[in-house]
Amino acid sequence: MKRSWVNLLKEVSLIKATKKTYSYAGYCAKYWDVLKMDVWIPESPRADHACVIALHGGGFIEGSRDDEWSVKAAETLTNRGFMVVCPDYRLGMKNEEIVKENSSLLKLHNILEYCVELVVEDLINVVDYLLSRDDLQINRHKVILVGSSAGAIAALQLEYYRVNQMLRPNQLCNYWQPAAIVAYSGAVIANHFDFGYERPGIAPTLLFHGLDDRIVEPGRKICSLKNSFYGSVKLYEAMTSKWPMSTPLCWLFRVEDAWHEVSLLLPETIDLFCAFVDEALNYGRSRMNAIIRSRQVEPLDWTKKSFLELLKDKTH
C-alpha cells in the first residue's frame, strides 16, 4: 500500500537533540528584517562531527527554518548523528514591488534571478557565521549542504559560482568548499552560451529529480533570452563530461512517474543520503546515473503543477 507524503513525514521518529536559535544577518528593507537559523545538536553525534545545512523549499515565496520540512529534516538527520542547521533566507517573491514590476511572462526571469541571488547571498552569510562561531566547533571540511526545491537551487547555484570563480573576491566561499551537496529537485540558472563548470574541483554531489517535474524541470528550461534553468539531468552531464578525471563523486537518481514531490524525499532516502556522505567524506570517486522505477508515496496535487501555475496560486 502506497503511503502519502503527509503520513511519511509523520513516521519520522522524534530525536533527543538540543535546538538553539541564532540571528545571523539583519536587513533594514521593507520585506525582511533579521534572519535566524536553528542549530540542532544531536545527543549522540557522529564520530566525524559532520554538520548539515538544510535549506527549505517554497518557491522563494514561503517556507522557513521551522516549517514542517525543516523540522522533519532536522529530526531525520540528527537521528543519524548530524549537527543540523536550518536557516531562514530572504524570500524574494514576497517583495511586492519587484513582483509587480516583473509580473509579465517576458519579465519573469528577472524575478527568478533576483530570488536566486538573494538566497545565495544569504547562504554565504550562513556559512560565514557558522565558521566564525568557535563555540559550535564546526569542522569547515565536513559541512554538507542539502536542499529541497528552492533550497536545492541555492546550494547548487552557490557551488556553480564557486567553481566558476563568479563570487566577489572577499567572499568566504571563494576559499571554502562544501564536503558534499545533496539536492532534491534542484537546478542552476546560467547563461545559454557559457553554461558549464569551467574549472575542476566540483564538490561531491547527489541529485534526485522526478522525470515529470514541471516546477523545476530535470532538463533545460529556457527562462529568458539570456538564461536557462539547468535541472539535475543537465547538471550531471556537465559535472561528469568536461572534467571526467577530477569529479570526485556524483550520483543522479531519476524517479520515473514522479513530479515535484521528489523535493520532499529526504526522510525516505536517509540511508542513501548517509551512504553518499560517508563516501564523500572518505574521498570516494564513484559515479551513478540510475532510474528509480518504483515509488512508495503518492504525489500531492500541487506537485503536478507548472511553476507558472504554482506562482499564480501563491500570488492571488
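Biologist: Among contacts in the chain between residues at least 6 apart in sequence, what percentage join residues at least 24 apart?

Modeller: Please note that this is a predicted model. The chain holds eight helices and 14 strands. Of its 316 residues, 57% count as buried. Among contacts between residues at least 6 apart in sequence, the share that joins residues at least 24 apart is 80%.

Biologist: Which strands are the edge strands of the open sheet?

Modeller: Nine strands form this open sheet, with mixed pairing, in the order S2-S3-S5-S4-S6-S7-S9-S12-S13. An edge strand pairs on one side only, and this holds for two strands. From one strand to the next, the twist averages 15°. The edge strands are S2 (17–26) and S13 (287–292).

Biologist: Why is strand S6 described as largely enclosed by the rest of the structure?

Modeller: In a regular strand, side chains alternate between the two faces of the sheet. In S6, Val 143, Leu 145 and Gly 147 are buried on one side, and Ile 144, Val 146 and Ser 148 are buried on the other. S6 (residues 143–148) is largely enclosed because the number of its six residues that are buried is six.

Biologist: Which residue stands opposite Ile 144 of S6?

Modeller: S6 is joined to S4 (residues 51–55) by five bridges, and these two strands run parallel. In that pairing, Ile 53 stands opposite Leu 145, and Ala 54 stands opposite Val 146. S6 also pairs with S7 (residues 180–184) over five bridges, again in the parallel sense. Within S7, the residue opposite Ile 144 is Ala 180.

Biologist: At about what angle to S6 does helix H5 run?

Modeller: Helix H5 comprises residues 150–163. This helix lies across S4, S6, S7 and S9. Its angle to S6 is about 135°.

Biologist: What arc do the buried residues of helix H7 cover around the axis?

Modeller: The buried residues of H7 are Ile 270, Phe 273, Cys 274, Phe 276, Val 277, Ala 280 and Leu 281. They lie on the same side of H7, because the arc that they cover is only 165°. An α-helix has 3.6 residues a turn, so residues three or four places apart point the same way. The arc around the axis of H7 is thus 165°.

Biologist: How far apart are the end C-alpha atoms of H7, and what span should its twelve residues have?

Modeller: At 1.5 Å a residue, the twelve residues of H7 (residues 270–281) should span 16 Å. The distance between the end C-alpha atoms agrees with this expectation, being 16 Å.

Biologist: What covers the buried residues of H7?

Modeller: H7 packs on the sheet, where it touches S4, S6, S7, S9 and S12. Its direction makes about 155° with that of S7. The elements that cover its buried residues include S4, S6, S7, S9 (205–210), S12 (250–255) and helix H2 (68–78).

Biologist: Which residues have the most contacts inside the largest nonpolar core?

Modeller: In soluble globular proteins, nonpolar side chains tend to be buried together. Here the largest nonpolar core has 65 residues, and its largest share, twelve residues, comes from helix H4 (residues 108–132). A second, separate core of 35 residues includes Trp 40, Val 84, Phe 208 and Leu 249. In the largest core, the residues with the most contacts are Met 37, Ile 53 and Tyr 197.

Methods. Residues numbered from 1 in each chain as written. Predicted model: local features only at pLDDT ≥ 70, side-chain atom pairs only at ≥ 80, totals over all residues. Heavy atoms only, no water. Buried < 20%, exposed > 50% of the residue type's maximum accessible area, 1.4 Å probe, protein only. Helix = DSSP H or I, 4+ residues; strand = E, 2+ residues; numbered from the N terminus. Pairing = 2+ DSSP bridges. Expected span 1.5 Å × (residues − 1). Arc of directions from axis to C-beta. Contact = heavy atoms within 4.5 Å. Axes fitted to C-alpha atoms, helices over the stretch in contact; angles between N-to-C directions. Core = buried A, V, L, I, M, F, W, Y, C linked by side-chain atoms within 4.5 Å.
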